[in-house]
Amino acid sequence: MIQRFIELGEGYSDLYELLEIAKTNENRLAQMLAFHTKLNDKDVTSLAVVLTPAKEGNFQPIYICREGIPNPHITPNKRFELFTATAGELGKKVIQMDVKPSTFFAEKDLFFQYLIGILRLNHLIPPMK
C-alpha cells in the first residue's frame, strides 16, 4: 500500500479545506491527528486527516496542514478548537503526539517518511504490504 502525505498549506485558510476533506469523506475517515513540535523557538502544531484507501487502487492519502498552527497546549487557539470540534462531530478523537520539526530533515519527503514510520509503529495506519 502506498501511503503519502498531501500538504495543503500551513493551516490558515487551508485548514477549512482540511476540515471539508474530513467531512465529505466521513465514510473513509480513519484518523484525525495533531503533531506538536518546536520550530524556530515556537511551539507549533501540524494537523492531519488520514483517509482509508479507495476501493480501487492501493493508495492511502494523509492530508496535512504543516507547522502553521500554535500548539494549543501552550497557546489555545480557535483553529485547533475547530479541528477538535469537527473530530467530535465525526465520531473521532484527535490523536496527539510530539514529533521532530520538518527542519530537522534535509528534505520535506524525509520528514513525511518519518511521520509515516511513527504512524505505522503506533498502528494508526497499516504496515506496507
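Helix α2 covers residues 78-89, and its length can be checked: at 1.5 Å a residue, its 12 residues should span 16 Å, and its end C-alpha atoms are 16 Å apart, which agrees. The expected span of a helix is 1.5 Å times one less than its number of residues. Helices (H or I, at least four residues) and strands (E, at least two) are DSSP runs, numbered from the N terminus.

This is a predicted model, in which local features need pLDDT of at least 70 and side-chain atom pairs count only at pLDDT 80 or more, while totals for chains, interfaces and linings use all residues. Residues are numbered from 1 along each chain as its sequence is written, and side-chain values use heavy atoms, with hydrogens and water left out.

## Helix α2

Phe80, Phe83, Thr86 and Ala87 are the buried residues of α2. Buried means under 20% relative accessible area, exposed means over 50%, and partly exposed lies in between (1.4 Å probe, protein chains only). Seen down the axis of α2, the buried residues fall within an arc of 125 degrees, so they line one face of the helix. The arc is that of the directions from the helix axis to the C-beta atoms. An α-helix has 3.6 residues a turn, so residues three or four places apart point the same way.

Lys78 and Glu89 are exposed on the other side of α2. The buried residues pack against α1 (14-24), β2 (29-39), β3 (42-51) and β5 (94-98). Contact means heavy atoms within 4.5 Å.

Both ends of α2 have a feature of note. Just after the helix, glycine 91 takes a positive phi of about 75 degrees.

## Helix α3

Helix α3 runs over residues 108-121. Its 14 residues should span 20 Å at 1.5 Å a residue, and its end C-alpha atoms are 20 Å apart, which agrees. Phe111, Phe112, Leu115, Ile116, Ile118 and Leu119 are buried in α3. They cover an arc of only 160 degrees around the axis, which puts them on the same side of α3. Asp109 and Leu121 are exposed on the other side. The buried residues of α3 pack against β1, β2, β4 and β5. After α3 comes histidine 123, with a positive phi near 60 degrees.

## The sheet

In what order do the five strands form their open sheet? The order is β1-β4-β3-β2-β5, and the pairing is mixed. β1 (2-9) and β5 stand at the edges, each with a single partner strand, so one side of each is left without a neighbour in the sheet. The twist averages 25 degrees from one strand to the next. Here axes are lines fitted to C-alpha atoms, for helices over the stretch in contact, and angles run from 0 to 180 degrees between N-to-C directions.

Two strands pair if DSSP finds at least two bridges between them. Strands of a sheet pair through backbone hydrogen bonds, either parallel or antiparallel.

| Strands | Sense | Bridges |
|---|---|---|
| β1 and β4 | parallel | seven bridges |
| β2 and β3 | antiparallel | 10 bridges |
| β3 and β4 | antiparallel | six bridges |

Some residues face each other across these pairs. Glutamine 3 stands opposite glutamine 60 in β4. Valine 49 stands opposite tyrosine 63 in β4. The hairpin of β2 and β3 has two residues between the strands, and in it asparagine 40 takes a positive phi near 50 degrees.

Eight of the 10 residues of β3 are buried, so β3 is largely enclosed by the rest of the structure.

## Two buried residues

Histidine 36 belongs to strand β2. Histidine 36 is buried, with a relative accessible area of 4%. It stands opposite threonine 45 in β3. A polar contact of 2.7 Å joins the side chains of histidine 36 and threonine 45. A polar contact is a pair of N or O atoms within 3.5 Å; within protein, one must be able to donate a hydrogen and the other to accept it, and residues adjacent in sequence count only if both atoms are side-chain atoms.

Isoleucine 62 lies in strand β4 (residues 59-70). Is isoleucine 62 buried or exposed? Isoleucine 62 is buried, with a relative accessible area of 0%. Beyond its neighbours within four places in sequence, isoleucine 62 is in contact with residues including Phe5, Val49, Ile116 and Leu119.
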